[in-house]
Amino acid sequence: MCKIKRMSRRAIAILMTLSFASLATDDVEPLTTGKFSYPNNARNAISLSFDDARNSQVDVAIPILNKHNVKGTFYVNPQFAMERLEGWKKAVKHGHELGNHTSSHLCTGNFEWLRSKGQGLEQVDLAWLRKDIESTTAFLQKQFNITPLSFAYPCGNTFVGRGKQVKSYVPLIAEMFKTGRTWLDETGNNPTYTDFSQLAGNRMDGMTFEEIRDMLELLREDNKWIILAGHDVGKKGMYTVDKDALEALIVYLKDPKNGFWLATVNEVASHIEEYRTK
Ligand SMILES: [Zn+2]
């Protein structure tokens with residue numbers, strides 16, 4: 001009798017542990033694991049993104065994308081975009097996605113040349129940053145009649161303030177946009193796990209096609225969504241995507257046997273969102 005009682009207590013304890021364990025698992029990973037499904041049975045999704053709205057994106061990158069009928073995501077800084085306004089309007093008509101990249105492009109003040117009126121992210125607060133982001137959205141609405149759903153953190157920095165006063169601005173981006181992309185993350189995005197407000201981004205500046213292809217092989221496990229990010233496009237350099245590498249990459253990604261679905265950040269996010277709500 002006593003033994004049975006002890007056993008049933010133990011069984012209850014085990015059951016409780018199991019249900020807590022499953023609760024904890026649900027908190028961390030809300031979705032079932034297993035093969036994730038992308039359009040065309042692709043193993044991975046991939047997005048090509050470009051930051052700042054630099055002139056060479058209109059002059060060099062977009063003609064390459066258009067030639068191969070693929071769409072990119074361009075995170076816009078209004079000052080830069082004004083230099084090729086008509087080109088950007090045509091890009092929108094072609095179906096390319098424009099996102100928000102702030103007006104001030106404020107990063108850590110360690111990038112001295114990127115300080116705005118002498119200040120870096122260390123000297124501003126969330127209210128200041130919100131206005132800066134809203135002014136970029138207002139620019140995109142006025143010039144292109146679009147309200148951006150995608151955001152890229154300048155320099156990949158996600159904070160304001162210094163030391164004990166530091167605050168994350170990730171919650172602000174989560175409130176204002178469907179997605180936020182960071183930079184130099186060395187990982188892809190697991191579709192069943194990734195946080196849309198901190199999507200991982202990987203460099204494609206300064207790389208040969210072969211180097212990019214090898215990096216994709218390393219990043220592609222678990223049906224990951226890989227987001228590549230670049231700046232200028234032309235002859236490869238520290239902040240310049242090599243235009244021949246970009247074209248070779250597009251040809252490679254479009255070949256179904258390589259297993260990639262190439263789409264804009266918002267298209268892939270919408271696909272994953274739909275899967276998550278099923
Ligand atoms: Zn930038």
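The structure is a predicted model, in which local features need pLDDT of at least 70 and side-chain atom pairs count only at pLDDT 80 or more, whereas totals for chains, interfaces and linings use all residues. Residues are numbered from 1 along each chain as its sequence is written, and side-chain values use heavy atoms, with hydrogens and water left out.

The secondary structure of the chain consists of nine helices and 12 strands, taken as DSSP runs numbered from the N terminus (helices, H or I, at least four residues; strands, E, at least two). Of the 278 residues in the chain, 49% are buried, where buried means under 20% relative accessible area, exposed over 50% and partly exposed in between, with a 1.4 Å probe and protein chains only. Among contacts (heavy atoms within 4.5 Å) with a separation of 6 or more, 73% join residues 24 or more positions apart.

A zinc ion is held by the protein donors D52 (OD), H101 (NE2) and H105 (NE2), at 2.1 to 2.2 Å; donors are N, O and S atoms within 2.8 Å of the metal (3.2 Å for Na, K and Ca), and because water is not among the atoms, sites may look incomplete. The spacing of the donor residues in sequence is D-x48-H-x3-H. Since D52 belongs to strand β1 (residues 44–52) and H105 to the loop between β3 (97–100) and α5 (126–144), this pair ties together parts that are 53 residues apart in sequence. D52 is buried, with a relative accessibility of 3%, and H105 is likewise counted as buried, at 13%.

Strand β3 pairs in the parallel sense with strand β2 (residues 73–76) over four bridges, pairing being assigned if DSSP finds at least two bridges between two strands. T73 stands opposite E97 of β3. Within β3, E97 and G99 point one way and L98 and N100 the other way, and all are buried.

One disulfide is present in the structure, a disulfide being a pair of cysteine sulfur atoms within 2.5 Å. The sulfur atoms of C107 and C155 lie 2.0 Å apart, and the torsion about their S-S bond is about 80 degrees, so the disulfide is right-handed. The pair links C107, in the loop between β3 and α5, with C155, in the loop between β4 (150–152) and β5 (159–160), 48 residues apart. C107 is buried at 1% relative accessibility, whereas C155 is partly exposed at 22%. P154 is also found in the loop between β4 and β5 and is buried, at 0% relative accessibility. Neighbours within four places in sequence aside, P154 contacts H101, T102, H105, L106, C107 and Y169.

Residues up to four places away in sequence not counted, L216 touches I46, I226, L228, L249, L253 and F260.
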